[in-house]
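Here is a note for a colleague opening this structure for the first time. Please look at the ligand and its surroundings before reading on.

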Amino acid sequence: KEKVEITKEQQALMKIITDAYNRHQIPQDVAKKLLQDQYSAEENFLLLTEMATSQVQVLVEFTKNIPGFLSLDREDQIALLKGSAVEAMFLRSAQVFSRKMPSGHTEVLEERIRKSGISEEFITPMFNFYKSIGELHMVQEEQALLTTVTILTPDRPYVKDQQAVERLQETMLDVLRKLCVLQHPQEPQYFARLLGRLTELRTLSHYHTEMLASWRMN
Ligand SMILES: COc1ccc(-c2nc3ccccc3n2[C@H](C(=O)NC2CCCCC2)C2CCCCC2)c(OC)c1
């Protein structure tokens, strides 16, 4: 049984990324807003666009703290941000949804989202994803690293130097793999499950444009 050990450098890398991830959170808590009041489909659509916009700004600030990201070709940095923004948004939504809340709150939040204006056909895949993320019970380091791995996807459209992105992503995957083994010793396939979520995330993100276009406005 190989002894898995996170090196000092990897520890430092994880701390930088996790601190940045926690620092760059959405200003106001959308879940609290949704739990407080019921909004019309139009108001919900507006809320979503506001949240998505502020999330993109947060994402840009977060990526500046990923060691090595700013050393990438400038245009590649933009291609990576554009290519991962929707996935990062759904990943953040899943984490918001899966957060521990007082009993009954998650059910209310789910109901508010189901009735928000999003069209029926997307509700099941979206909640399947949210629940599959929730079942992983990720620690914050894993959440931060998973978002980082998503951003550093080499095969985004228009990325020129894919090798450079691949090297960075490999660095993050190595830390994430070790962290998964140490955090979930009883579940050797946990890391594989985690990466499997990224495939589900990419599929869900393909629906994004249609989800917006089919928002039920009265
Ligand atoms: C494209 O279609 C959709 C549909 C639903 C969501 C969604 N899933 C959620 C799960 C937990 C809490 C909020 C959630 N949201 C919207 C929101 O505000 N998402 C924010 C995006 C940036 C990162 C923080 C979450 C809500 C939904 C209810 C109506 C108002 C917007 C969504 O988030 C991409 C996208």
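The points below cover the ligand and the pocket around it.

1. This is a predicted model: local features need pLDDT of at least 70, side-chain atom pairs count only at pLDDT 80 or more, and totals for chains, interfaces and linings use all residues. Residues are numbered from 1 along each chain as its sequence is written, and side-chain values use heavy atoms, with hydrogens and water left out.

2. There are 21 residues around the ligand, each with a heavy atom within 4 Å of it. V30, M51, R92, S93 and Y130 come nearest. By class, this shell has 15 nonpolar, five polar and one charged residue. Here Ala, Val, Leu, Ile, Met, Phe, Trp, Tyr, Cys and Pro count as nonpolar, Asp, Glu, Lys and Arg as charged, and the others, Gly among them, as polar.

3. Two side chains deserve a look. An N or O atom in the side chain of Y130 is 2.7 Å from a ligand nitrogen. For S93, a side-chain N or O atom is 3.1 Å from a ligand oxygen. The protein covers 100% of the 670 Å² of accessible area that the ligand has on its own (Shrake-Rupley method, 1.4 Å probe).

4. The lining of the largest pocket has 36 residues. S93 and Y130 are among those nearest its centre.

Technical notes. A polar contact is a pair of N or O atoms within 3.5 Å; within protein, one must be able to donate a hydrogen and the other to accept it, and residues adjacent in sequence count only if both atoms are side-chain atoms. On a 1 Å grid over the protein atoms alone, a cavity is a set of points where a 1.4 Å probe fits but cannot get out, and a pocket is an open set with protein on both sides within 12 Å along at least five of seven lines; lining residues have an atom within 4 Å of a point.
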